[in-house]
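Q: Please take a close look at a single part of this model. Keep the answer connected, and give the cut-offs.

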Amino acid sequence: MSAPVAKNAIKQSKRDLETANALFKVNAEARLPLERIAAPTDRHYRMRMAHQGLLNANPRKSGVLNAVIGYAALFGAAHIVLILAFQVIPALLTNGLPFPWTGFGLERNSFWFNVIYGVLSPVLAFLFVAVVALINILMLRKYLAKVQNRYGPLHNGPSGSLQTVYDALKLVSKEDYTPKMVEETIFTLAPVLVFVSAFVLMAVIPFAPGWFFANVEAGAVFIIAAGTLGSYGVLLAGWSMNNKFGLMGGMRAAAQLVSYEVPLSISLLSVCVYAGSMNLTQIVNAQSQIWFALPLFIPFVIYLIAGLAEIKMTPFDLPEAESELVAGFNTEYGGMRFGFFFVAEFAELYLLPAVLAIFFLGGWHMLPLPETWVANLLGREIQLYPFGNVHLLGYKELFVYGVDGSIWRNIFYSFWFLVKGALGVYFYMWIRATLPRFRDDQLMELCWKGLIPLALVGLMLAAFSKLVPAIGTILSVLVGGAFLVLVIRGALFPTSKTASSNVGSSSSKPSSEVHS
Amino acid sequence: MTATATKPSVNATGMMAPTGLERVEGRSDEMLLNLGPQHPATHGVLRVLMGVDGERVTRAIPHIGYLHRNHEKLDEVRTYPMCIPYTDRMDYVSGMQNELPLCLALEEMLGVEVPERAKYIRTILFELSRIASHLVWIGTYMLDLGAITPFLYAFRDREMILDIIEKTAGARLLPNYFTFGGVRRDHHPRMLEEITEFLNWLETKLHEYEALTIDAPVFQARTVGVGILDPQVALNHGVTGPNLRGSGIPWDLRKDDPYDAYPYLDFEVCVEYGLDAYSRSRARFREFFESIKIIRQAIAQCPKSGPYLPKLPRLKPAAGMERYRAVEISRGHLGIHLIADGSEKPYRSKHRSPSFCTLQALPDMFVGSKFSDAIAILGSIDIVLGEVDR
């Protein structure tokens, strides 16, 4: 009975052997020589080698070319949205189009114009933020990656350019989940509140003369007020989610934001005192002679530091301290609810340097070169431009061309404004990549003992500078510079080991008695 | 603290009630917070049950055992060579160091003479593992303190060490390379040159890391005076390694109970007298430079040729023989107590792991500190949960 089975089995195994032999021969021919296998062809192996400095970091493309393309796309897209928002659509509503059909023929600032433009402007503002965010987040991630010896996004789209889009899609397509035991109304409302408070600042930002959604007379107060609204959102988010980490994050955020509002507001008010106006356009116009960062150096430094705390970023990222509070006030949020926090964070990150540029860095003015400037230094008149009242290249302003009020001129103006904003973002990212986080009491100490007294000094100096510009400026730069040096050298904090070295002395702690 | 004064102390509370969940009367403002077992700053699966009053920590009870894998019992049903790979899994951040106490203990039980070359190879790789482990520590500690960049720098350099170990031992993290009487195989022909190149690279980078980490003002603001560990308390709990040396006690087994090539090498024990998280960090950071010094000397002294593994007797210590051997790994004294019963398997193997003992001192450092400080303290004692739970 078993003989044929065995025979078959032998036959089968012979056939298997032949097949195996044939296959092996094929494989042996197809096999690569050993050195080619060992060569670093594998992408990840290459990356590892690159980290060790054995290979060129990015063998495919030069980073400079990518950066140029990225910035061209960033500023191009931003300008297209700006022109659409401030030139094309108003022209469409009024009779401003250069076609036979010239538009809807509404009066500018008439009731229906205001209604339609008012409805459209949030959409346009969001479009602007979205376009800037999509490109700028990628650039920032690449920048941070460069600092940290990484590559950043690589795989989605050319040089990872679609990564942000995919991230956004992921957030949108996730389940809108509300955990049990949360205070549902507030839990839902809080991210919206945070988002709106950051986003509403867009309404008053002047990108160029005449390029703003709303010309608020007390624009500075509006900015301060809108910023304060965000702390409610964060506090409510932390409180409503019924999570202990969230609660602690919310409390930290409330304490931090409310405290840092004070020096931030005082520093902005110093500018208002010096410029003699709270209107943002007038503040920028007042800087056509000199950037306020120079005469108001103290408020400028305070805004730089307190602004970081206002947007809850390193070294002041205590409310969402990942290693302590998991995610802090947004621990229980997921999907697009978290997305609101995320977008708000980015909007704040971008709007903070924008406000900085408006108040301290001349807004849309390229360089603080006045049209005619005869400096009066210690009683001697100094002619700044030796060839008379003519600017470089014969134009009214450096690197700004075109007739006053034209689109062409406004594009140049808004370009410089956006450049300043972008540089500010990179400055903050640089800090983010470098510094560890403060503790909460140190945070408060820095605010109440350092920044607020200094801000008051800055306010007084601002008033003084308005009366006696030269001496005020010198004083301001001296005091502010000294403070900056102190901060940088860490003199506000213990730099040497101060802990007592009582080695050998026996402990008096009650807990040690248990074990001894 | 006033409420706890009438109650038993934190440690006693932890011992009486395994959960520690009972509330203290008259303390309605205390919030009980579970730090872990899944938390970004617990370095694994530690769970610390904390009472927090606002930001102030009132109680802390570490709960361990989430990574328990029963190594000691597993050793009893395995032959001695089969035990070595298990030791790798204890302190997986510096896997190679864990193999040494087992090897030393059995060598001393059997009277095996380790060849000189093997001693030096072991010492070099032992110190290289220490550098790798401390790099992980500085990276993750800075991550705990909120700085993301040093972590990536540290891991880039650790990667180079792992590459060197991989070329020699065949594995990166759990190498299973040391063995009874020496090392398992000869080292990679270019290993010593590669290590020298790496040390030159690391030395230039360490000054950068120093500026980014322990010399940074914010780092010092966060760590100076934080998490005071009294020397007497530390000794009572059995804290060893850089944590003990950060409390001012110069106890280092490489000096005090030398093994392998350490008697022939010149180095100093890094002691700091501040008792706080900063001192522990500083003691650890200085060990980078000491390890570099040790490796350079060992490479210079290492015989160019010679046996790396002697002819071994049968690995069957006589019944009743026992030996305790401890070495100074990155985190402190890692000891093993072997008891033989005459077979090729140990009758009992008991591990004494440094992080386990260090963790006992955690409540003493936690209570009274801020919540942010608690994270800074947890990072400063550099625990590895694989070795706590075993």
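A: Of the 29 residues of α6(B), 28 are buried, so the helix is largely enclosed by the rest of the structure. Buried means that 20 or more other C-beta atoms lie within 10 Å of the residue's own; 12 or fewer means exposed, anything in between partly exposed, and C-beta atoms are placed from the backbone. This is a predicted model: local features need pLDDT of at least 70, side-chain atom pairs count only at pLDDT 80 or more, and totals for chains, interfaces and linings use all residues. Residues are numbered from 1 along each chain as its sequence is written, while chains are lettered from A and ligands numbered from 1 in the order in which they are written.

Helix α6 of chain B covers residues 116-144. Helices are DSSP runs (H or I, at least four residues) and strands are too (E, at least two), numbered from the N terminus. From first C-alpha to last, α6(B) reaches 42 Å, close to the 42 Å expected at 1.5 Å a residue. That expected span is 1.5 Å times one less than the number of residues. B:Gly146 follows α6(B), with a positive phi near 105°.

Now the surrounding chain. Chain B has 17 helices and eight strands. Its radius of gyration is 21 Å, close to the 21 Å from the globule rule for 390 residues, so chain B is as compact as a globular protein of that length. The radius is taken over C-alpha atoms, and the rule is 2.2 Å times the number of residues to the power 0.38. Along the principal axes, the C-alpha atoms of chain B fill a box of roughly 70 × 50 × 30 Å. Of its 390 residues, 56% count as buried.
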